[in-house]
Amino acid sequence: MMRVFFENNPISERRTGVQNDLGQVHAMDDFKWEDISVPTLLIHGDKDNLIPLGYSQEVSRRIPNAEFVVIKGGGHECLVSHHRQVSPIINSFLAKHMSM
């Protein structure tokens, strides 16, 4: 699946979007994570080359009652590349919080 995506979306066409994403991440340094009051699930691949794992760990510590899951071997697109592992995690999180 990832191979097909990258074959049809060359880096030259994605570069601007990736640069924008990185700029948005840096702009969030001053975001008040502590003000989030809804159930929050953060999923991060331990092989993510774009966003450091430590960044997500820090964000998860700052969001009250956030759940944080590291996907071993997962990169930046681990929600897609490791969907068989990630889907049950998301489904469980949603089931737990649906009555809220």
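Predicted model: local features only at pLDDT ≥ 70, side-chain atom pairs only at ≥ 80, totals over all residues.
For salt bridges, the cut-off is a side-chain nitrogen of Lys or Arg within 4 Å of a carboxyl oxygen of Asp or Glu. And the general rule behind that spacing: an α-helix has 3.6 residues a turn, so residues three or four places apart point the same way.

Residues are numbered from 1 along each chain as its sequence is written, and side-chain values use heavy atoms, with hydrogens and water left out.

The protein has five helices and two strands, and from the N terminus the order is α-α-β-α-β-α-α. Those elements are DSSP runs numbered from the N terminus: helices are H or I with at least four residues, strands are E with at least two. Of the 100 residues, 19% are buried. Buried here is under 20% relative accessible area, exposed is over 50%, and partly exposed is in between, with a 1.4 Å probe and protein chains only. The protein exposes about 7,200 Å², and carbon and sulfur atoms supply 55% of that. The areas are Shrake-Rupley with a 1.4 Å probe, and for residues only the protein chains shown count as cover.

Contacts next, meaning heavy atoms within 4.5 Å. Take the contacts between residues at least 6 apart in sequence: 69% of them join residues at least 24 apart.

Back to H3, then. Which residues of H3 are buried? They are Ser56, Val59 and Ser60. Looking down the axis of H3, these buried residues fall within an arc of 100°, so they line one face of the helix. The arc is taken over the directions from the helix axis to the C-beta atoms. And what do the buried residues of H3 pack against? E1 and E2.

As for the pair I opened with, Glu58 is partly exposed at 34% relative accessible area, whereas Arg61 is exposed at 59%.

How many salt bridges does the structure hold? Three. Another one joins the side chains of Glu34 and Arg62, at 2.9 Å from N to O. That pair links distant parts of the chain, with Glu34 in the loop between H2 and E1 and Arg62 in helix H3, 28 residues apart. Both ends are partly exposed: Glu34 has 41% relative accessibility and Arg62 has 24%.

Then there's Lys96 with Glu67, where the closest N and O atoms are 2.7 Å apart. Lys96 lies in helix H5 and Glu67 in strand E2, so this pair ties together parts 29 residues apart in sequence. Lys96 counts as partly exposed at 48%, and so does Glu67 at 25%.

Thr40 is in the loop between helix H2 (11-27) and strand E1 (41-45). Is Thr40 buried or exposed? Buried, with a relative accessible area of 15%. Leaving out neighbours within four places in sequence, Thr40 is in contact with Ile63, Ala66, Glu67 and Phe93. Its side chain also reaches the backbone oxygen of Val38 at 2.9 Å.

Leu41 is in strand E1 and is partly exposed at 22%. Not counting residues up to four places away, Leu41 touches Glu67, Val69, Ile89, Ile90 and Phe93. For Leu41 and Ile89, 48 residues apart along the chain, the C-alpha atoms are separated by 9.2 Å.

Ile90 also belongs to a nonpolar surface patch with Leu79, Leu94 and Met98, about 400 Å² of accessible area together. Patch members have over 30% relative accessible area and no salt bridge; nonpolar side chains (Val, Leu, Ile, Met, Phe, Trp, Tyr) are joined within 5 Å, and like charges within 9 Å. Met98 is in the segment after helix H5 (83-97), and is exposed at 67%.

Asn65 is in the loop between helix H3 (53-62) and strand E2 (67-71), exposed at 74%.

Definitions and conventions:
Polar contact = N/O pair within 3.5 Å; in protein donor to acceptor, adjacent residues only side chain to side chain.
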